[in-house]
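Visitor: I would like to learn how to read a structure like this one. Where do we begin?

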Amino acid sequence: MDNEKPTAYALIIRTDGSFEVIDWPTENHLLILYKGIGCTHVDAVDISRRLTMWIDDTGLIDGAPVNRAATILYAIHKEPHQHYHGNVIITGGVDHEGETLGLSTDEISAVIEFHLTFTNMDIPSQRTK
């Protein structure tokens, strides 16, 4: 019997529109958020019950650029009330103990498809070398 836990992911969306899929392990979430966003203070923004956007808590004050893709992602789900600044990380919701969940392969694929569709980003071509 296979006791291995399913792999979970998170998505970094940068201010230039580029993105990166990262592994979402079962621990050290805060360190992963700090490194991925490039900050020392984070805040969670609930996009939906199953999507959380992690932002640089001082991004606006520090003059980080607007993250157009993050702002659009939020606005599609809820009435927008601000622009989001700096890089963000998208994770799943929380479990019954309040622990942040990663995204499944299907969920991460849906968020990437959404990102590419609504931000008019070019899909990167395959690297041959």
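Guide: Begin with a term: two residues are in contact when heavy atoms of theirs lie within 4.5 Å. By that rule A69, I72, L73 and I76 in helix 2 meet F114, H115 and F118 in helix 3. Keep in mind that this is a predicted model.

Visitor: How do the axes of helix 2 and helix 3 cross?

Guide: Angles of 65 to 115 degrees count as roughly perpendicular. Here the two axes come within 10 Å and cross at roughly 110°. That makes helix 2 roughly perpendicular to helix 3.

Visitor: Which elements make up the protein chain, and in what order do they run?

Guide: Read them from the N terminus on: β-β-α-β-β-α-β-α. The protein chain comes to 3 helices and 5 strands.

Visitor: In which element is confidence lowest, and in which is it highest?

Guide: Confidence is given by pLDDT, on a scale from 0 to 100. The protein chain averages 88, and 88% of the residues score at least 70. Helix 3 (residues 105-118) has the lowest confidence, with a mean of 87, while strand 5 (residues 88-91) has the highest, at 97.

Visitor: Is T71 buried or exposed?

Guide: A residue counts as buried under 20% relative accessible area. T71 has a relative accessible area of 11%, so this residue is buried. T71 sits in helix 2, which covers residues 68-77. For the protein chain as a whole, 39% of the 129 residues count as buried.

Visitor: What lies 3.0 Å from a polar atom of the side chain of T71?

Guide: The backbone nitrogen of Y84 does. Leaving aside neighbours within four places in sequence, T71 is in contact with Y84 and also with V66, Q82 and H83.

Visitor: How far apart in space are Y9 and W24, C-alpha to C-alpha?

Guide: Compare the sequence and the model. Y9 and W24 are 15 residues apart in sequence, yet their C-alpha atoms are 4.6 Å apart. Y9 belongs to strand 1 (residues 9-13). Beyond its neighbours within four places in sequence, Y9 has contacts that include V21, I22, D23 and W24, and also G102, L103, S104, T105 and I108.

Visitor: What share of contacts in the protein chain join residues at least 24 apart?

Guide: Take the contacts between residues at least 6 apart in sequence; of these, 53% join residues at least 24 apart.

Methods
Residues numbered from 1 in each chain as written. Predicted model: local features only at pLDDT ≥ 70, side-chain atom pairs only at ≥ 80, totals over all residues. Heavy atoms only, no water. Helix = DSSP H or I, 4+ residues; strand = E, 2+ residues; numbered from the N terminus. Buried < 20%, exposed > 50% of the residue type's maximum accessible area, 1.4 Å probe, protein only. Polar contact = N/O pair within 3.5 Å; in protein donor to acceptor, adjacent residues only side chain to side chain. pLDDT = per-residue confidence, 0-100. Axes fitted to C-alpha atoms, helices over the stretch in contact; angles between N-to-C directions. Parallel < 35°, antiparallel > 145°, perpendicular 65-115°, else oblique.
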